[in-house]
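The following report describes selected features of one protein model.

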Amino acid sequence: MFLFSALFFVLLVFSSLAAVAVMYQSRETKSLTTQPLIEQQTQSPQVARFLFRAGTLVDANSAALRLCSEVPTERFDWEALRQKLSASFPDFPYAQGASQKRDVTVLKSNDPNDASIVTLDQWNDVARVTLEQDIAPDMARRTAIFQAMFQAPNPIWKINTKGMIVWRNTAYKSLGASLGFEGDAQPLFDTTTLSPGDPPLRLKLSSRDTSQSHWFNITAVHAGPDIMFYATEADAEVSAQDARRSFVQTFSKTFAQLSTGLAIFDQNQSLVLFNPALIELTGVSADFLSNRCDLFAFFDHLREHHVIPTSNGQTSWHTQVSQIVEEAQLGAYCATWTLPTGVTYKVSGRPHPDGALVFLIEDITSEITVTRRFRSELEQVYGVLDTVEGALVLFSPTGQLRMCNQAYRNMWKSDPDRTFAKYTFYDALQHWQVDCMPSPVWAKLKKRILSTSDRSAWSASLTKKTGEVLTVEVTPVAGGVTLLTFKEINLVGMPLPTSH
């Protein structure tokens with residue numbers, strides 16, 4: 001009887017526990033599915049609660065909705081919340097999901113001065129995220145940010161969806177006052193064409209009496225449903241660009257008068273400046289040059305117009321141009337281009353700052369013609385001198401040997417034109433003294449050649465060690481030049497001349 005009573009008591013206890021468990025589970029399920037955030041009525045306003053299902057936000061309290069409005073996105077999901085909290089909670093999971101049947105994770109802020117806590121309660125495809133914010137550091141940060149924006153030296157203002165100003169800082173107010181503008185609702189800048197994410201827009205702001213004006217670079221960013229604008233003064237940048245533009249115009253006008261063709265390529269090897277002489281010398285059209293052609297295209301057009309000499313068969317055209325560019329970058333390119341038309345160009349390439357290259361093309365046809373004519377006439381003079389029987393040699397006022405004829409080379413067995421160093425009177429005198437007998441004539445001859453006062457004609461006799469007797473005649477020539485003539489005179493029956 002006692003055993004039966006005990007079994008009945010145990011059965012009654014288990015039945016009661018099962019009923020309680022079923023009631024608790026039913027209440028919890030109902031609370032999580034049909035009443036997602038019933039605690040929000042009694043919790044602190046600083047506690048934000050989010051309810052996600054499969055990564056999609058399905059419910060949130062007022063504090064959580066305020067956080068959602070601070071994120072510039074059309075759809076607030078799990079990824080948006082992670083990006084919002086990742087700065088303070090770097091361990092916030094990238095994807096929703098529980099590692100167990102039910103997983104509860106508590107995350108603390110990485111800022112030791114911030115006592116905020118994030119609690120993640122996840123099961124199945126449901127996740128409840130609770131953010132308990134520490135109001136003290138948040139208020140301090142907000143105050144610091146507000147003070148920084150309000151006291152910033154550059155104008156900052158916020159515009160609502162209706163285009164009205166809802167906030168502006170001190171710099172914005174001071175700028176409007178300095179230019180004579182009144183009222184707070186009317187924007188100083190016309191930013192209707194500027195949207196968040198666009199590149200900075202440069203605008204000019206003038207005073208009401210147009211006596212002064214300033215340039216600003218305006219940037220727009222999202223601020224919830226509103227738009228925040230930041231203005232940076234650009235007067236110095238605009239002035240620099242105007243000065244640069246003026247310099248380029250002056251530079252272009254200056255080089256427009258030159259007869260030398262000029263082509264300047266920037267660091268990207270694009271043509272940025274040329275003068276009219278380049279068009280005249282190369283025949284390349286101005287339209288092609290104005291389109292900022294690159295360096296290789298420029299040389300291709302020179303080749304098409306037969307302005308540049310063609311390469312030999314061993315070197316390709318691209319290799320030839322690459323060698324020209326490489327030498328120009330080193331500042332060592334200087335070449336003479338002789339064209340089939342008979343025109344001769346002197347082309348030089350030089351590097352400029354910031355990787356730029358400058359090519360100069362100069363027509364030297366007339367100079368080459370004069371040089372060739374001079375060389376031809378000089379060769380004729382040499383030919384005439386070589387027909388003279390006497391040994392002739394010409395010295396400059398400083399004693400340098402200018403020229404001699406073939407008879408001189410045969411008599412003294414020397415060729416001054418083949419020496420590497422400058423051949424002077426002292427070199428010739430030493431050679432003469434070696435081949436001749438000692439004589440006081442050498443001292444007198446030296447005085448006659450190097451004297452600038454005594455320019456009278458003079459002659460004397462010399463005897464070579466071989467027994468031949470020579471007469472040397474000194475004849476002054478215009479420009480301080482002196483001509484010496486050596487002749488053999490030791491003929492039978494003829495008296496030797498005496499010096500005078």
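## The largest cavity

The lining of the largest cavity comprises two nonpolar, two polar and three charged residues, where Ala, Val, Leu, Ile, Met, Phe, Trp, Tyr, Cys and Pro count as nonpolar, Asp, Glu, Lys and Arg as charged, and the others, Gly among them, as polar. These lining residues are R448, D454, R455, S456, V474, P476 and T482. The largest cavity holds about 40 Å³ of space, and a search of the whole structure finds one cavity of 30 Å³ or more. On a 1 Å grid over the protein atoms alone, a cavity is a set of points where a 1.4 Å probe fits but cannot get out, whereas a pocket is an open set with protein on both sides within 12 Å along at least five of seven lines; lining residues have an atom within 4 Å of a point. Grid points are joined across faces, edges and corners, and a volume is the space filled by probe spheres set on the points.

## Basis of the model

The model is predicted: local features need pLDDT of at least 70, side-chain atom pairs count only at pLDDT 80 or more, and totals for chains, interfaces and linings use all residues. Residues are numbered from 1 along each chain as its sequence is written, and side-chain values use heavy atoms, with hydrogens and water left out.

## The sheet β7-β6-β10-β9-β8

Five strands form an open sheet in the order β7-β6-β10-β9-β8, with antiparallel pairing. Helices (H or I, at least four residues) and strands (E, at least two) are DSSP runs numbered from the N terminus, and two strands pair if DSSP finds at least two bridges between them. The edge positions belong to β7 (165-168) and β8 (201-206), each of which has a single partner strand, so one side of each is left without a neighbour in the sheet. From one strand to the next, the twist averages 30 degrees; axes are lines fitted to C-alpha atoms, for helices over the stretch in contact, and angles run from 0 to 180 degrees between N-to-C directions.

Strands β9 (residues 213-223) and β10 (residues 226-233) run antiparallel and are joined by eight bridges; H222 has I227 in β10 as its bridge partner. Four bridges join β6 to β10, also in the antiparallel sense, and W157 stands opposite F229 in β10. Between β6 and β7, which run antiparallel, there are three bridges, and K158 stands opposite W167 in β7. The hairpin of β6 and β7 has five residues between the strands, and G163 there takes a positive phi near 85 degrees.

## Helix α5 and an aromatic pair

Helix α5 lies across β6, β7, β8 and β9 and runs at about 105 degrees to β7, contact meaning heavy atoms within 4.5 Å. A search of the whole structure finds 21 aromatic pairs. One of them is the tilted pair of W157 and Y172, at 5.1 Å centre to centre with 40 degrees between the planes. This pair links distant parts of the chain: W157 lies in strand β6 (residues 156-159) and Y172 in helix α5 (residues 170-178), 15 residues apart. Rings of Phe, Tyr and Trp (its six-membered ring) pair if their centres lie within 6.5 Å; planes under 30 degrees apart count as stacked, over 60 as edge-to-face and the rest as tilted.

## The sheet β12-β11-β15-β14-β13

Another open sheet has five strands in the order β12-β11-β15-β14-β13, and the pairing is antiparallel. Strands β12 (271-274) and β13 (333-338) stand at the edges with a single partner strand each, so one side of each is left without a neighbour in the sheet. The twist averages 20 degrees from one strand to the next.

Three bridges pair β11 (residues 261-265) with β12 in the antiparallel sense, and F274 in β12 is the bridge partner of A263. Helix α10 (residues 317-329) lies across β13, β14 (344-352) and β15 (356-363), and runs at about 105 degrees to β15.

## The second largest pocket

The second largest pocket contains about 490 Å³ of space. It is lined by 14 residues, of which R244, V248, I264, V272 and A356 are the closest to its centre. Helix α6 (235-256) and strand β12 each supply at least two residues of this lining; the largest share, four residues, comes from α6. By class, the lining of the second largest pocket divides into eight nonpolar, three polar and three charged residues.
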